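Student: I would like to go through some labels used for this model and check each against its definition.
Tutor: Go ahead; ask about one label at a time.

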Amino acid sequence: MKIKNTLTLQTSFSYYMIGMPLIFLISLFFYYTFNQSIATLILGFLFIYFFTVLFVIRYYGLMSLYAIFLYTSTFFLYDCFWFTLFDESKNFLIQTFPRRYYIPDEIGIKFIFASELLTYVMHLTYCLVNKKRFIKKQVIIHEIQYEKVGIAIMLIFFIPSIAKLYIQLRYVMQYGYLVVFTGGLTEIKYPFWTAGANLLFITGFSLFVAGNPSKRNFIIFSSLLFILLALNGAKGQRGAILGPLVGLLYWYLKKYNIKIKITTILLFFFFVVGITYSMGNLRNSYGEKSKNSGQTVKVYDLVSKVLYSQTTSRAVPMKIIQGDLPFHNYPFIISPFFTYPNLILYPSHGQDSVSVEKYNDISQIVMYSVSPQSHFDGKGYGGAFLAEAYDCGGYLGVIFWGIILAVFLVFCDFSNLNIKNKYIPFIFLIILNFAMLPRNRLFTVVDTHFPKILLLLLILPIIKSKRVWRLSNV
């Protein structure tokens, strides 16, 4: 990726570095001097965020990983501010899921400050990091062994994966989508030949991309992955398809140097809104207590409903800021590293008393603090990177983890993902879920893909050093 108009970029950055704190101070001045309306602070943040997004699109592209983080942060967190300004019934301090409750003004103000701080720190870091060193270290090698082995694994486990997901979908359709979270899927008896199918298919795909395949092959085998993602998402987990879909799109654009137009982005946005709404209706039709109104919905109301419903994740950072959460044993940001040890030490089936007390899971603990029964029913908010960062050191934590994340974004955007082949599968697994980060955990790859990581660590050396695989061209 080239940096366009260096002089203009430097000038714009200087204006940004000085102008954004000035906007913050002006909003603070009007808040304390005049009406003390939280809307004044919201406007200050929205101006800062708007200029940040414009800056990133102008100089770093529509689909840089940094831009994606800003888009999805808006989708999952910051849309609530727009609704607060223009619709009194949708105040971001009033939460209606899973029950109606009110967040105090002072907590909302701290949430706005934390959001502004994260935005500013990440932008400064992203702009100041030396990008030339990532550009110079690009390596592009077509590793045919990785590609062939990956294709072989995918073809072997594609049908078993389809079968397993179909069995799960039938179960969810009968008992409701919340059984996914209450441990109901563990009660299903699967055919022996489906064991580990999904895990192995994704592992195979990760090996496949490590080979730097041709654009044609990437499109063909990505379509197989998309079929599995769609089946998985049909169970009611919208993030299971939307997050990986954005990750695949980003990977495709970066690896094959594809340019994308803003009209395409807008079409993709409406596709995301449409599929989010449709999947919401679909999962509400599952189970004995299904609810599906079937009413005609206007386009504006549909978009508004989808956008606002996604911002329930704002409850996570605000509850973290509020504090006094039960069973909060250590910083949430490191919890993924203890997921598998906890599963061994404290076996649990879904969201039960053991999981909330022992696992230090941010989503479960926040939901339990709001409504214990909703937690046991399988409901949840998800996570939030901003919440994890604040939890691990307050505003200093926001600064520290914001810098760490920004450096990673620079690495991906300016290496164009052209790194040593043996590292590609692990970066791919991170990118696959990255779009969900604003409502997920920073290190989710550690527990979500832990078995795949172990398999890759075993398989990669064998393929490279022993060269025992001698497959014909696929």
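Student: What makes the crossing of α2 and α4 left-handed?
Tutor: The crossing of α2 and α4 is left-handed because the term applies if the near helix is turned anticlockwise from the far one by less than a right angle, with clockwise being right-handed. This is a predicted model, in which local features need pLDDT of at least 70, side-chain atom pairs count only at pLDDT 80 or more, and totals for chains, interfaces and linings use all residues. Residues are numbered from 1 along each chain as its sequence is written, and side-chain values use heavy atoms, leaving out hydrogens and water.

Student: Why is α2 called roughly parallel to α4?
Tutor: The axes of helix α2 (residues 38–60) and helix α4 (residues 105–128) come within 10 Å and cross at roughly 20°. Angles under 35 degrees count as roughly parallel (over 145 roughly antiparallel, 65 to 115 roughly perpendicular, the rest oblique), so α2 is roughly parallel to α4.

Student: Why is C412 called buried, and C392 partly exposed?
Tutor: Buried means under 20% relative accessible area, exposed over 50%, and partly exposed in between (1.4 Å probe, protein chains only). C412 has 0%, so C412 is buried; C392 has 27%, so C392 is partly exposed.

Student: What makes K254 buried?
Tutor: K254 lies in helix α10 (residues 239–255). Its relative accessibility is 10%, so K254 counts as buried.

Technical notes
Axes are lines fitted to C-alpha atoms, for helices over the stretch in contact, and angles run from 0 to 180 degrees between N-to-C directions. Helices (H or I, at least four residues) and strands (E, at least two) are DSSP runs, numbered from the N terminus.
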